Amino acid sequence: MENSKLPLHLCHVHKLSNFINRTHILVHSVALVFLFSYRASFFFQHPKTKAGTLPWLLVFASEVILAFEWLLSQSFRWCAVSRTVFPERLPEDDKLPPIDVFICTADPEKEQTVVVMNTVLSAMAMDYPPEKLHVYLSDDAGAAVTLNGMREAWRFAKWWLPFCKRYGIKCTAPGAYFSAGENDGDEDGGFGGSEFVQEKKHMKEKYEVFKKRVTENARIGDTRSNSRRDHSAVVEVIQETSSDDADAIQANEAKNMPLLIYVCREKRPSQPHNFKAGALNVLLRVSGVISNSPYILGLDCDMHCNDASSARQAMCFHLDPKISPSLAFVQLPQNFHNISNNDIYDSQLRSALKVLWKGYDGLGGPCVCGTGYYIKRVSLCESSISEAGDAMKLRQCFGPSNEFIKSVRQINKPDHMLIQRNNAQPNEIQLLASCVYEDGTKWGKEVGFLYGSVVEDYFTGFHLHCKGWISMYFDPKRPQFLGSGTTNLDDFKFL
Ligand SMILES: O=c1ccn([C@@H]2O[C@H](COP(=O)(O)OP(=O)(O)O[C@H]3O[C@H](CO)[C@@H](O)[C@H](O)[C@H]3O)[C@@H](O)[C@H]2O)c(=O)[nH]1
Ligand SMILES: [Mn+2]
């Protein structure tokens with residue numbers, strides 16, 4: 001009872017650094033005024049003493065451009081803030097809202113299936129009520145190796161999830177967990193007894209078997225790999241398939257597992273696929289008719305959960321009644337596990353994520369940065385058409401699926417938090433994942449993730465802010481997600 005009166009999160013204004021930054025802005029601005037008046041005085045000089053006009057004008061113009069650019073970037077330094085959360089003050093588990101996790105993969109050759117499955121497993125093993133967690137993997141390549149990997153991941157999850165839960169494992173990606181230092185007590189949730197050591201060893205063996213099976217599948221080859229740009233939709237809810245005795249014993253645990261869904265959208269060479277934004281919009285629709293959770297966690301396939309309590313921490317913002325109605329998303333920084341000691345290209349994006357984005361947060365919040373964000377479904381699926389709007393207009397906006405339109409109406413209702421999984425019709429799902437579904441609709445323009453830019457994340461974030469939504473940036477001490485960053489100039493150039 002008492003908890004409900006205490007705040008779920010606090011915002012700290014960086015007073016000293018804001019003071020220093022503002023003083024610097026003032027001094028710099030005064031210097032600019034002197035510089036510009038010096039340049040302007042040139043035009044009042046006697047023609048005989050004047051230097052060449054053209055070079056003078058060019059220098060002046062470049063200074064004006066640079067000063068303008070500098071001025072725009074000062075907004076980041078005006079009001080830096082940071083945040084603390086209190087997940088222990090959240091309501092009981094049965095009152096927490098469901099979450100859909102969206103993971104995207106596009107190329108099984110560049111994005112190793114074992115790495116992708118580590119991301120999937122790490123999301124499934126988060127410390128959140130399993131019946132409220134639904135993990136969707138979008139496979140743009142439609143690769144058999146990825147679908148097989150999902151089935152293997154499901155089998156391994158039956159062992160991995162109870163292990164993580166029992167011992168409070170923080171890094172829920174098995175690969176990263178087992179490669180961390182043997183004596184890293186923090187990673188082991190403080191356990192160290194012989195029973196734990198024994199079980200950890202057993203789990204490691206299971207993980208090695210899982211890895212072997214996934215990589216063997218990859219080596220056997222994917223017969224469908226030639227049809228990466230030309231394939232039909234496949235949506236599969238991963239379920240019990242094994243007849244293995246040991247697995248069957250664990251099957252009981254499966255009742256307490258999140259839903260795991262493989263989604264491969266239809267792709268045809270004649271239809272634009274709109275890259276990652278296109279994949280995310282298919283996930284939005286397919287998940288809409290299956291779980292329709294009010295919140296979505298977006299992850300790149302190489303970005304695993306490094307803190308099992310991540311979803312609970314994000315909910316400290318989303319469940320705050322004061323900000324919740326206008327809060328579209330909580331963005332966490334992109335942290336990387338493979339940064340070299342000589343990070344000469346700033347691959348860890350330190351200037352952006354440790355300095356600028358905190359300033360961004362003080363001014364209404366950052367934009368979406370592609371991965372590691374908890375976004376409210378309604379912010380992506382809202383339309384100007386009210387719930388009572390006529391069916392024809394809703395179809396023009398969201399496409400022809402009545403089931404999906406029904407799901408959009410549901411998320412606008414106040415009791416949406418309690419909605420449970422639906423039994424969607426397979427042909428409705430095929431329709432939603434088809435490549436022509438969006439023709440003539442507002443998908444990618446007004447609804448969902450926006451098309452027309454390679455940085456769909458920034459574009460979508462800006463668009464949400466333009467519509468009046470706010471966002472939060474949360475940079476906790478322990479990185480909540482870890483991915484692989486660029487480590488050489490070639491990769492960096494194409495960022
Ligand atoms: O057609 C596509 C292309 C990419 N992806 C997935 O999108 C993610 C990001 O793509 P990647 O090629 O790794 O791009 P990066 O430049 O590393 O990504 C950064 O920049 C992107 C665009 O701003 C953001 O979407 C990412 O989250 C951000 O990490 C990966 O999981 C891909 O599998 C798809 O699903 N379909
Ligand atoms: Mn990437």
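1. Of the 495 residues of the protein, 40% count as buried. The coordinates are those of a predicted model, and every remark below should be read with that in mind. The secondary structure comprises 17 helices and 13 strands. As for the contacts between residues at least 6 apart in sequence, 85% of them join residues at least 24 apart.

2. The chain is divided into domain 1, covering 11-79, and domain 2, covering 98-493. Contact between the two involves 5 residues of domain 1 and 5 residues of domain 2. On the side of domain 1 that touches domain 2, the residues divide into 3 nonpolar, 1 polar and 1 charged.

3. The unreviewed UniProt entry lists Lys276 and Asp300 under "binding site". These two positions are spread over 25 residues of sequence, yet they cluster in space, with a largest C-alpha distance of 9.8 Å. Lys276 belongs to helix 9 (residues 275-290), whereas Asp300 belongs to strand 7 (residues 295-300).

4. Are Lys276 and Asp300 buried or exposed? Lys276 has 20 C-beta neighbours inside 10 Å and therefore counts as buried. Asp300 counts as buried as well, because 21 C-beta neighbours fall inside 10 Å. The threshold for this class is 20 or more other C-beta atoms.

5. The surroundings of the two listed positions can be described with sequence neighbours up to four places away set aside. On that basis Lys276 touches Cys104 and Glu456. Asp300 is in contact with Cys104, Gly370, Thr371 and Gly483.

6. Under "active site", the unreviewed UniProt entry places Asp140 and Asp457. Asp140 is found in the loop between strand 4 (133-139) and helix 5 (144-167). Asp457 has its place in helix 16 (residues 456-466). Asp140 is buried because 23 other C-beta atoms lie within 10 Å. For Asp457 there are 22 other C-beta atoms within 10 Å, so Asp457 is buried.

7. For Asp457, the contacts are Val368, Cys369 and Gly370.

8. Asn274 is not a glycine, but its phi is positive, at about 55°. Asn274 lies in the loop between strand 6 (259-264) and helix 9, and it is buried, with 20 other C-beta atoms within 10 Å. Leu349 also has a positive phi in a residue other than glycine, with a value near 55°. Leu349 is placed in the loop between strand 10 (335-336) and helix 11 (350-362), and it counts as buried because it has 20 C-beta neighbours inside 10 Å.

9. Helix 14 is described here with two partners. Two packed helices are described by the angle between their axes and the distance between the axes. Helix 13 (residues 391-398) packs against helix 14 (residues 402-411) at an angle of about 100°, and their axes are 10 Å apart. The angle makes helix 13 roughly perpendicular to helix 14. In this contact, Leu394, Arg395 and Phe398 of helix 13 meet Phe404, Ile405 and Val408 of helix 14. By class, the contact of helix 13 with helix 14 has 5 nonpolar, no polar and 1 charged residues.

10. The axes of helix 9 and helix 14 cross at roughly 80° and come within 9 Å. Helix 9 is therefore roughly perpendicular to helix 14. Here Arg285, Gly288 and Val289 of helix 9 meet Glu403, Phe404 and Ser407 of helix 14. The residues of this contact divide into 2 nonpolar, 2 polar and 2 charged. Phe404 takes part in the contact with helix 13 and in the contact with helix 9.

How values were computed: Residues are numbered from 1 along each chain as its sequence is written. Chains are lettered from A and ligands numbered from 1 in the order in which they are written. This is a predicted model: local features need pLDDT of at least 70, side-chain atom pairs count only at pLDDT 80 or more; totals for chains, interfaces and linings use all residues. Domain bounds come from an automatic or database domain assignment. Two residues are in contact if their C-beta atoms, placed from the backbone, lie within 7 Å. Ala, Val, Leu, Ile, Met, Phe, Trp, Tyr, Cys and Pro count as nonpolar, Asp, Glu, Lys and Arg as charged, and the others, Gly among them, as polar. Axes are lines fitted to C-alpha atoms, for helices over the stretch in contact, and angles run from 0 to 180 degrees between N-to-C directions. Helices (H or I, at least four residues) and strands (E, at least two) are DSSP runs, numbered from the N terminus. Angles under 35 degrees count as roughly parallel, over 145 as roughly antiparallel, 65 to 115 as roughly perpendicular and the rest as oblique. UniProt positions are given in the numbering used here, feature names are shortened, and annotations may be inferred rather than shown by experiment. A residue is buried if 20 or more other C-beta atoms lie within 10 Å of its own, exposed if 12 or fewer, and partly exposed in between; C-beta atoms are placed from the backbone.
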